[in-house]
Amino acid sequence: MEVLQKDLQKSFRRQEEKVPFFKKVIALVLPAVIVAGLFYPVVGLFAFVCMTGAVILSFYKGRYWCYKFCPRGAFLDEFISKFSFQRSVPQVLKSGFSKVFWLFFFIFMMGLNVLRSGGQLNRFGKGIVLLLWITTLLAITGGILFKPRTWCIVCPMGTISGLVGKNKKPLKIDVNRCVECRLCSRNCPMEIEVCSFKEERVESVNCIRCETCVNVCPKDAIANS
Ligand code: SF4
Ligand code: SF4
């Protein structure tokens, strides 16, 4: 295994160049919605724009929405990352059981909300705002204790989008170029063992298509489909 110093410098330089500055604006949408939702509960229905966008885009490019357009993801990247201890996400949270648990929690809470709202939009919105507050507080806690995107590993909409689109335009890895330095895996915000995909396609339910691995790879071994 050999990575030259100039390769490392190149990869870190490219990583710094690619910070998407428009995400700061998207990151502000989450606090705006959950605070406005306390006064105007129908604002909470904005969550359905995100859910719909995430699922529709997943048919084309997996969880690209999670990285590019999700207000919660942007909030975690832009703000919570500054306070994060950046510790590894516990295995129990990354397990399939955890994903299933949070998916059923989400379905249960939605069903309960529909029943309790009695068909009134305002009451339904209140329930959505409450759910947004609960999940945002959990996301902030997870993001501070572990990696900023910890919540995204268990996010029910992320799981659905990932299942729908994990094989839609996945990243490709050239195993002949790879020197197994693991820079890709160490920098992946979703803690994916990128270089372990020996079939040349990085097909993971968790991949949000952020391309961090593409940018840090000093051997240009990872590329878009
Ligand atoms: S694919 Fe990952 S492990 Fe392989 S050379 Fe690139 S950064 Fe290193
Ligand atoms: S770093 Fe690579 S493998 Fe990890 S989420 Fe981003 S695009 Fe996917």
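Contact is taken here to mean heavy atoms within 4.5 Å. In this predicted model, the protein is divided into domain 1, spanning residues 21–165, and domain 2, spanning residues 168–223, and by that criterion 24 residues of domain 1 are in contact with 12 residues of domain 2. The centres of the two domains, taken over C-alpha atoms, are separated by 25 Å. Between them, domain 1 and domain 2 bury about 1500 Å², of which 55% lies on carbon and sulfur atoms. On the side of domain 1, Lys-61, Arg-63 and Tyr-67 supply 30% of the area that this domain buries against domain 2, more than any other three residues.

The largest cavity has a volume of about 500 Å³ and is lined by 28 residues, of which Cys-50, Arg-72, Leu-132, Cys-155 and Met-157 lie nearest its centre. Two or more lining residues are given by each of helix 3 (29–39), helix 4 (47–61), helix 5 (64–68), helix 6 (71–78), helix 8, helix 9, helix 10 (150–154) and helix 11 (156–165). When the lining of the largest cavity is sorted by class, 22 residues are nonpolar, three are polar and three are charged.

Among the open sites, the second largest pocket has a volume of about 240 Å³. Helix 8 (96–117) and helix 9 (121–145) each supply at least two residues of its lining, and these two helices also each give two or more residues to the lining of the largest cavity. The second largest pocket is lined by Met-109, Leu-112, Asn-113, Arg-116, Ser-117, Arg-123, Lys-126, Gly-127, Leu-130 and Leu-131, a set that divides into four nonpolar, three polar and three charged residues.

The surroundings of the two ligands were examined in turn. Around ligand 1 there are 13 residues, of which Cys-178, Cys-181, Arg-182, Cys-184 and Cys-217 come nearest; the shell around this ligand comprises 11 nonpolar residues and two charged ones, with no polar residue.

Methods
Residues are numbered from 1 along each chain as its sequence is written. Chains are lettered from A and ligands numbered from 1 in the order in which they are written. This is a predicted model: local features need pLDDT of at least 70, side-chain atom pairs count only at pLDDT 80 or more; totals for chains, interfaces and linings use all residues. Side-chain values use heavy atoms; hydrogens and water are left out. On a 1 Å grid over the protein atoms alone, a cavity is a set of points where a 1.4 Å probe fits but cannot get out, and a pocket is an open set with protein on both sides within 12 Å along at least five of seven lines; lining residues have an atom within 4 Å of a point. Grid points are joined across faces, edges and corners, and a volume is the space filled by probe spheres set on the points. Helices (H or I, at least four residues) and strands (E, at least two) are DSSP runs, numbered from the N terminus. Ala, Val, Leu, Ile, Met, Phe, Trp, Tyr, Cys and Pro count as nonpolar, Asp, Glu, Lys and Arg as charged, and the others, Gly among them, as polar. A residue is near a molecule or strand if one of its heavy atoms lies within 4 Å of it. Domain bounds come from an automatic or database domain assignment. Buried area is the accessible area (1.4 Å probe) that two parts lose on being put together, summed over both.
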